Amino acid sequence: MFIAVIDSTLMNVAVPAIVSDLDTTVPVVQGAIAIYSLVMAALMLPASKLSSIYGVRRLMQVTLVVYAAGTLLAAVSWSPAVLYVGWSVIEGAASAVLMPLTFTVLVVTYEGKDRAKALGLLAGVNATGAAIGPILGGALTTFASWRWGFALEAVVVAVALVFVRYVSAAPLGQERGSLDLGGTALSVVGATSLVVGFLLAGKFGWLVATRPFVVFGVQFTPFGTSPAVWLIGAGLLAFAVFAQYELRLERVGGSPLVPIRILRNRAFTAGSLTFGARSLVMAGFIFVVPVYLQSGLGYTAFGAGVAMLPFSVGTLLVSTFTTGWRDYVSPKTLIQVGVALMGLGLLLLFERTAPDQTAMSMAVPMAVVGVGVGLLMPQLVNTTLSAVPQTDSSEASGVMNAVGMLGYALGTAVVGAFLLGQFYRGVIDGVLRAGDVTVSAAQRDDLARALQQAAETATASTQQAFVAGLPPAQRDLLDGIFEAAMIGAHRGTLLLLVLLALLTLAASAFIPRDSGRP
């Protein structure tokens with residue numbers, strides 16, 4: 001879990017160094033990050049079925065070795081293509097197996113309080129990885145090389161392999177089944193279409209195309225629409241066909257990828273939807289805070305990671321020491337209190353956002369968000385996965401994690417696009433006000449999109465070189481405009497995250513009151 005979480009954060013902070021080292025461009029490296037997420041989301045459901053077919057210990061051993069091969073290939077990559085193969089494809093595929101398998105092993109190994117505590121520790125490790133990733137990535141990129149980040153992951157894999165012998169050797173399924181190839185194909189098409197649609201929506205618009213979409217020299221904007229709406233529609237259609245196919249396969253006595261009886265389980269379905277909504281909030285939170293700290297307040301990647309430590313520590317401590325509270329309070333209540341604390345922490349961050357903001361002034365709000373996540377996660381995962389029979393644990397874990405991955409992709413697309421859109425509009429407004437120029441809202445949006453597109457093709461160093469080449473008066477003016485625009489965009493994005501937290505709270509309302517109780 002730790003290396004899976006820090007993997008993408010390592011890449012995010014190392015983008016400029018990788019661009020320089022491999023003599024490539026920012027969009028190419030960002031493409032590697034997108035494909036990594038895409039591979040994980042596409043393979044999550046079929047990968048979760050493997051533990052019902054093969055021995056768990058052998059599956060984990062083989063997958064860890066594959067992961068190590070991928071991370072070592074990424075560490076020595078001499079071109080972007082090699083990085084894509086090692087990190088995006090091999091590591092992404094291995095992570096798709098390991099993520100649900102990690103939850104499943106804990107669910108089938110422990111019961112009652114022990115299970116809740118184990119899942120609480122896992123939630124804490126998740127948060128710790130999210131905070132340490134930027135610190136580790138920033139330190140390695142600054143003082144050594146981004147390649148060491150991938151090499152050190154292989155060391156963690158070696159340690160994990162030592163302890164795999166304590167995992168059960170038997171398959172989780174009572175009967176050795178086979179992989180549902182039809183369901184696999186439909187789930188891959190559905191997940192791929194949805195994730196690509198979400199990613200493109202942030203850049204090309206959700207309904208109406210905000211800029212031309214060109215593939216292999218051919219422009220694709222039918223009726224002036226965004227490609228996102230077609231891909232998302234195709235993904236939803238594929239999953240509708242997937243559900244019908246799985247139901248028919250189950251009726252004839254086959255071995256479906258996802259037993260429909262799991263989806264008919266109210267506690268599991270409501271828990272999975274809440275898990276996905278939480279992932280949407282967390283994706284936005286983990287994206288927006290480091291960007292704001294580095295772009296708005298001038299923090300390094302290392303400093304941004306340190307500023308997020310109260311969030312990580314709060315999650316780790318609370319998720320570890322509050323798992324027994326379910327004996328006295330309904331897990332649903334604990335989940336909803338956790339979501340409310342997340343929203344409260346985000347509101348406190350909104351209230352304290354200012355040009356003179358420091359990491360110290362952010363400590364309490366960050367800790368409140370962490371406490372909320374720590375209270376929410378172990379109870380939510382335990383409630384969701386405990387709602388299904390143990391024989392369906394692997395499939396249930398796959399569905400829950402797949403919904404989480406889709407929520408993460410949607411959150412990154414929505415929140416990322418909103419933050420950058422607000423920032424560039426703020427820059428345009430600041431420049432126009434400084435020049436006493438008035439334009440229409442449509443013209444301002446066109447200018448903002450043009451500025452965003454230009455910025456996406458430049459590295460931070462080229463942008464700094466451009467600003468440094470301006471006269472002092474213009475440079476001071478732009479510095480003030482950039483700072484004000486980033487602060488305004490950050491405040492607006494935090495309010496959006498509060499609304500998404502309310503969505504999570506609404507989803508949790510459908511969780512049965514007594515589910516997850518011992």
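Guide: One term to start: a helix here is a DSSP run of H or I with at least four residues, numbered from the N terminus. Also, keep in mind that this is a predicted model.

Visitor: Okay. Where does Leu237 sit?
Guide: Leu237 lies in helix 8, which covers residues 227–251.

Visitor: And is Leu237 buried or exposed?
Guide: Leu237 counts as exposed, because its relative accessibility is 56% and the cut-off for exposed is over 50%.

Visitor: How far is Leu237 from Leu186?
Guide: Their C-alpha atoms are 9.7 Å apart, while along the chain the two are separated by 51 residues.

Visitor: Which residues of helix 3 are buried?
Guide: Among them are Val56, Leu59, Met60, Thr63, Leu64, Tyr67 and Ala68.

Visitor: Why would residues three or four places apart point the same way?
Guide: Because an α-helix has 3.6 residues a turn.

Visitor: Last one: at what angle do helix 12 and helix 14 pack?
Guide: At about 35°, with their axes 7 Å apart, and the crossing is right-handed. The contact includes Phe311 and Val318 of helix 12 and Met366 and Leu375 of helix 14.

Visitor: How many of the contact residues are nonpolar, polar or charged?
Guide: There are 11 nonpolar and 5 polar, with no charged ones.

Definitions and conventions
Residues numbered from 1 in each chain as written. Predicted model: local features only at pLDDT ≥ 70, side-chain atom pairs only at ≥ 80, totals over all residues. Heavy atoms only, no water. Buried < 20%, exposed > 50% of the residue type's maximum accessible area, 1.4 Å probe, protein only. Helix = DSSP H or I, 4+ residues; strand = E, 2+ residues; numbered from the N terminus. Axes fitted to C-alpha atoms, helices over the stretch in contact; angles between N-to-C directions. Left-handed = near helix turned anticlockwise from the far one by under 90°. Contact = heavy atoms within 4.5 Å. Nonpolar A, V, L, I, M, F, W, Y, C, P; charged D, E, K, R; others polar.
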